[in-house]
Amino acid sequence: ALIFGLMIGSFLNVLIARLPYEKSVVWPSSRCFACYKPIRFTDNVPILGYLRLGGKCRYCAAPYSARYLWVEVGTGLALLALFLADVVFNWFSLPGVQFDPLGGAAPSDRALALFFYHSLLVCGLIAAAAVDAEHRIIPTEITYTVMAFGVLGGALMPWPWPYPPE
């Protein structure tokens with residue numbers, strides 16, 4: 001969950017950097033904003049690439065914002081905590097989500113679906129908060145996408161229904 005969160009945090013940084021300027025999030029590949037040279041694949045590894053380069057561009061030594069590092073770390077830790085709460089400890093005692101990490105069995109499909117659903121909502125909040133903190137706007141692409149997934153997930157996983165509360 002931590003590694004998954006770090007990778008998602010790296011993608012959230014792309015959203016945070018590009019959506020306020022209405023740029024594509026898939027093309028072109030990641031580039032330095034000062035010299036426009038493409039960032040190497042190895043320099044784009046979450047946390048390690050930032051720390052190895054000292055938060056600066058490999059080519060022109062322009063500093064990168066510390067936001068890149070903190071969004072990756074924060075997203076990784078948030079998704080790890082969410083995995084522990086939703087899957088490992090079943091914080092809300094949901095039926096069909098019980099998981100014994102010491103038993104050797106994999107988590108149920110229902111537990112993983114709940115984790116990915118909550119992960120998407122948390123990542124939307126992280127992206128919206130970071131863009132808002134830097135630009136004082138929240139792009140509608142984030143708002144509408146997270147809202148649609150929230151409604152869809154709420155309809156497909158209607159807790160506590162059809163189960164009565166315990």
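**Entry 1**

I looked up Arg-136 and found it in the loop between helix 4 (109–135) and helix 5 (140–156). Helices here are DSSP runs of H or I with at least four residues, numbered from the N terminus. This is a predicted model, in which local features need pLDDT of at least 70, side-chain atom pairs count only at pLDDT 80 or more, and totals for chains, interfaces and linings use all residues. Residues are numbered from 1 along each chain as its sequence is written, and side-chain values use heavy atoms, with hydrogens and water left out.

I checked the backbone of Arg-136. Its phi is positive, about 60°, although Arg-136 is not a glycine. Most residues other than glycine have a negative phi. Arg-136 is exposed, with a relative accessible area of 65%. The cut-offs are under 20% for buried, over 50% for exposed and in between for partly exposed (1.4 Å probe, protein chains only).

I then turned to Pro-139, which sits in the loop between helix 4 and helix 5. Is Pro-139 buried or exposed? I find Pro-139 buried, at a relative accessible area of 7%. It touches Leu-19, Pro-20 and Val-131, not counting residues up to four places away in sequence. A contact means heavy atoms within 4.5 Å. I also took a distance: Pro-139 and Asn-90 are 49 residues apart in sequence and 33 Å apart in space, C-alpha to C-alpha.

**Entry 1: helix 4 against helix 5**

I looked up the axes next. Those of helix 4 and helix 5 come within 10 Å and cross at roughly 160°. This makes helix 4 roughly antiparallel to helix 5. The axes are lines fitted to C-alpha atoms over the stretch in contact, with angles from 0 to 180 degrees between N-to-C directions. The classes are under 35 degrees for roughly parallel, over 145 for roughly antiparallel, 65 to 115 for roughly perpendicular and oblique for the rest. The crossing of helix 4 and helix 5 is left-handed; that is, the near helix is turned anticlockwise from the far one by less than a right angle, while clockwise would be right-handed.

I listed the contact residues. Helix 4 supplies Tyr-117, Leu-120 and Leu-121, among others, and helix 5 supplies residues including Ile-142, Val-146 and Phe-149. By class, this contact has nine nonpolar, four polar and no charged residues. Ala, Val, Leu, Ile, Met, Phe, Trp, Tyr, Cys and Pro count as nonpolar, Asp, Glu, Lys and Arg as charged, and the others, Gly among them, as polar.

**Entry 2: helix 1 and helix 3**

I went on to helix 1 and helix 3 (residues 67–88), whose axes come within 7 Å and cross at roughly 140°. That makes helix 1 oblique to helix 3. Their crossing is right-handed. Among the contact residues I note Leu-2, Phe-4 and Gly-5 of helix 1, and Arg-67, Tyr-68 and Val-71 of helix 3. The classes here are 13 nonpolar, six polar and two charged residues.

I checked the length of helix 3. Its 22 residues reach 30 Å from first C-alpha to last, close to the 32 Å expected at 1.5 Å a residue. The expected span is 1.5 Å times one less than the number of residues. Asn-90 follows helix 3, and its phi is positive, near 45°.

I looked up the loop between helix 1 (2–18) and helix 2 (48–52), where Pro-28 is found. A cis peptide bond joins Trp-27 and Pro-28, with omega about -5°. Most peptide bonds are trans. Glu-22 also lies in the loop between helix 1 and helix 2. Its phi is positive, about 55°, although Glu-22 is not a glycine. I noted Glu-22 as exposed, at a relative accessible area of 72%.

Terms used: Helices (H or I, at least four residues) and strands (E, at least two) are DSSP runs, numbered from the N terminus.
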